Amino acid sequence: MACWLYEGMLLFGVVFIASYLFSTLSQTRHALDNRHLQQAFLFVMLGIYFAWFWSHGQTLAMKTWHIRLVDRHGRPVSQLRGLGRYLLSWLWLLPPLAAVAPFHLTTGETAVIVCGWVVFWALLSRLHPQRQFLHDALAGTRLVTWRPEPVRRR
């Protein structure tokens with residue numbers, strides 16, 4: 001979970017730059033103009049970010065925590081498999097958001113339901129034989145501990 005938190009902090013910069021790029025290219029002057037188009041743009045940009053880094057093994061946060069993404073056989077994942085994992089990882093958030101949308105709940109109520117779902121989703125990995133999250137099992141990927149080879153000096 002520490003890697004997840006660190007990844008979120010790093011994504012702040014990615015989202016900031018992508019939002020700035022979108023606003024500049026679309027000449028958006030008000031934050032609520034083109035909001036849905038900007039959200040779609042950010043969804044695509046994050047997909048590209050993760051698919052590219054995962055196809056190279058790890059994001060910066062994963063490198064910091066010595067975690068690597070591989071396929072079922074221990075090989076590096078392709079960009080297509082990384083993109084599939086990215087899309088499946090939205091199962092962490094989309095089901096509770098879709099469930100609460102028709103009820104017009106307050107922000108606090110929505111936050112409790114979403115946080116409850118995230119905890120449930122995380123605990124669900126304990127039932128998997130390899131203790132994988134469902135999106136990894138469905139995408140055919142797994143996270144492994146990885147330490148780079150030490151540099152030997154002559």
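User: Is Asp 71 buried or exposed?

Analyst: Asp 71 is buried, because its relative accessibility is 7%. Buried means under 20% relative accessible area, exposed over 50%, partly exposed in between (1.4 Å probe, protein chains only). This is a predicted model: local features need pLDDT of at least 70, side-chain atom pairs count only at 80 or more, and totals for chains, interfaces and linings use all residues. Residues are numbered from 1 along each chain as its sequence is written, and side-chain values use heavy atoms, without hydrogens or water.

User: Which side chain meets Asp 71 in a salt bridge?

Analyst: Side chains of opposite charge can pair when their charged atoms come close. A salt bridge puts a side-chain nitrogen of Lys or Arg within 4 Å of a carboxyl oxygen of Asp or Glu. Here the partner is Arg 75, at 3.3 Å from N to O. Arg 75 is partly exposed at 48%.

User: How many salt bridges does the whole structure hold?

Analyst: Two. Asp 136 and Arg 85 form one of them, at 2.4 Å from N to O. That pair links distant parts of the chain: Asp 136 is in helix 7 (residues 134-139), Arg 85 in helix 4, 51 residues apart. Helices are DSSP runs (H or I, at least four residues), numbered from the N terminus. Asp 136 is buried at 2%, and Arg 85 is buried at 6%.

User: Which ring does the charged end of Arg 85 sit over?

Analyst: The ring of Trp 54, 4.4 Å from its centre. The test needs NZ of Lys or CZ of Arg within 6 Å of the ring centre and within 35 degrees of the ring normal. Arg 68 lies over the face of Trp 146, at 4.5 Å from the ring centre.

User: How many aromatic pairs are there?

Analyst: The count is 14. Tyr 49 and Phe 50 are edge-to-face, because their ring centres are 4.9 Å apart and their planes at 80°. Trp 52 and Phe 53 are also edge-to-face, with centres 5.0 Å apart and planes at 85°. Rings of Phe, Tyr and Trp (its six-membered ring) pair with centres within 6.5 Å; planes under 30 degrees apart are stacked, over 60 edge-to-face, the rest tilted. Tyr 49 is buried at 13%. Trp 52 is partly exposed at 42%.

User: Which residues form the aromatic cluster?

Analyst: Phe 43, Tyr 49, Phe 50, Trp 52, Phe 53, Trp 54, Tyr 86 and Trp 90.

Terms used: Helices (H or I, at least four residues) and strands (E, at least two) are DSSP runs, numbered from the N terminus.
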